[in-house]
Amino acid sequence: MAASLHHSITVCSLLPFSSQHSSKKSISTARFHNNIVDKSKSISRNRMQLGNNTLDKSESRRGMRLQRSNCKANLSNGGDEAEAKLYLGMDFGTSGGRYAVIDKEGVIHSEAKRDYPMFMNGDAVDWVRSWKTTLFSLLEDIPITMRSLIASISIDATSATTLILDSKTGEALARPLLYNESCPDALPIVKSIAPINHTVCSGSSTLCKLVSWWTSSDSSRESAVLMHQSDWLLWLLHGKIGVSDYNNALKVGYDPELESYPPWLKSQPYSHVLPTIQAPGTIISTLKEDIRIKLGFPEDCVVCTGTTDSIAAFLAARATQPGKAVTSLGSTLAIKLLSTTRIDDARFGVYSHRLDDKWLVGGASNTGGAVLRQLFSDEQLENLSVQINPMEASPLDYYPLPVEGERFPIADPKMAPRLSPRPECDAAYLHGILESIARIEAKGYALLKDLGATKVEEVFTAGGGSKNDKWTKIRERVLGLPVRRALQTEAAYGAALLALKATE
């Protein structure tokens with residue numbers, strides 16, 4: 001079926017473009033914060049206020065038209081167009097894709113989203129076709145007057161979503177294995193070669209997916225190459241197959257501290273399938289000529305390495321100090337805590353991503369918005385949430401999962417969802433589910449502390465769940481911590497920051 005297009009509020013700046021460039025290349029949330037947040041804070045707040053105003057939709061529409069008009073004026077009358085560079089970030093989540101176009105000050109000029117079209121291949125979803133269609137649909141959704149100003153592109157996508165391709169033809173040698181799919185057949189093999197409790201020692205790790213394919217596939221292995229979802233999407237744009245980033249590569253065994261694959265992995269017969277690794281936000285190549293000409297991008301537009309969706313959300317939130325954390329409440333629940341200590345423990349689905357000289361410690365649970373969408377419509381969620389008193393604890397104790405299997409804070413591929421008993425009152429049922437998800441979040445942060453990570457002091461929230469004020473208050477009570485919505489809540493914004501960083 002055709003994808004549906006949903007345009008978010010577009011925020012445009014009246015500030016002049018800056019022509020100053022920095023020579024620093026390391027990823028640093030502190031630098032992102034210092035260079036961007038002050039100049040965009042008031043505009044970001046305006047965006048939040050407009051986005052939260054559901055009472056006067058006509059006023060919101062007038063605001064959208066006004067700001068889009070201001071945006072056009074800024075781009076056409078703001079001075080030298082050679083300095084008016086824009087930066088494109090794209091986020092491919094579990095249910096759809098988004099883009100955000102920002103300027104050098106971090107101000108959003110355009111953003112939109114699309115749901116994945118559910119193309120079918122027999123009884124299964126053809127994810128390759130769905131993702132590719134969404135990618136190019138989003139590129140076409142960008143206002144044509146802005147495309148010619150885009151200097152760089154980056155993409156984030158779901159962690160451990162794995163594709164095996166023929167490096168010569170680019171043809172998929174197997175169906176994509178999604179982020180939450182487990183390969184228990186490969187787990188004993190992986191555990192026999194990896195260090196005890198390593199991140200890859202989980203049935204849903206990228207390495208388990210690679211080993212499962214390697215041991216069961218009849219396809220040609222010699223020319224095979226592994227790519228993560230964002231790698232593959234970026235490859236469609238730049239054409240250099242087999243390039244990844246060290247955030248995505250963590251779950252295939254790459255060591256970001258040593259900046260190499262470890263010896264125990266390089267000695268395996270499938271090591272040639274592993275991609276080349278760069279830091280997130282590193283220029284790979286210019287945009288392919290046929291795409292550039294067809295869609296009107298500039299000749300010098302570059303494509304750079306991306307990251308995972310939860311790290312992009314963290315970058316967007318600009319939580320810059322140890323002890324600050326970001327919970328992404330999308331289809332799943334992912335937490336990231338900025339820590340001075342690296343923690344990796346596959347027993348609990350805990351792993352650390354490198355971020356400059358610090359570590360993003362966390363994990364991702366299969367609980368989250370996907371469960372809510374199985375049970376309630378958007379309208380029901382909105383109406384029922386109004387009836388909830390977030391200051392009262394729910395007596396209901398659930399473990400909401402969309403299907404069997406959990407990754408964090410309990411790593412159990414056979415864990416069954418627990419969503420009963422269901423009370424007669426739907427508002428009470430929703431209250432119990434929201435509070436149970438909050439308890440899982442609290443258990444996750446407590447686990448990180450017990451394992452030696454920096455103690456969490458404040459939680460920023462990203463993703464669709466951040467818009468539910470009642471849920472935020474429930475979480476604040478359950479966590480016993482200040483919880484607030486991040487100034488920027490979309491992972492696409494974090495990916496756009498990577499695109500900006502690549503050209504500095």
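Which residues do ring pairs link into a cluster? In this predicted model, local features require pLDDT of at least 70 and side-chain atom pairs count only at pLDDT 80 or more, whereas totals for chains, interfaces and linings use all residues. Residues are numbered from 1 along each chain as its sequence is written, and side-chain values use heavy atoms, with hydrogens and water left out.

The cluster joined by ring pairs consists of Phe92, Tyr116, Trp127, Trp131 and Trp232. Nine aromatic pairs occur in the structure (rings of Phe, Tyr and Trp, the latter by its six-membered ring, with centres within 6.5 Å; planes under 30 degrees apart are stacked, over 60 edge-to-face and the rest tilted). Among them, Tyr116 and Trp127 are arranged edge-to-face, at 6.0 Å centre to centre and 80° between the planes. Because Tyr116 belongs to the loop between strand S4 (108–115) and strand S5 (120–121) and Trp127 to helix H3 (residues 127–141), this pair ties together parts that are 11 residues apart in sequence (helices, H or I, of at least four residues and strands, E, of at least two are DSSP runs, numbered from the N terminus). Both Tyr116 and Trp127 are buried (under 20% relative accessible area with a 1.4 Å probe, protein chains only).

Charged groups also sit over rings (NZ of Lys or CZ of Arg within 6 Å of the ring centre and within 35 degrees of the ring normal). The charged end of Arg129 lies over the ring of Phe119, 3.7 Å from its centre, and that of Arg221 over the ring of Trp214, 4.6 Å from its centre.

Terms used. Buried means under 20% relative accessible area, exposed over 50%, partly exposed in between (1.4 Å probe, protein chains only).
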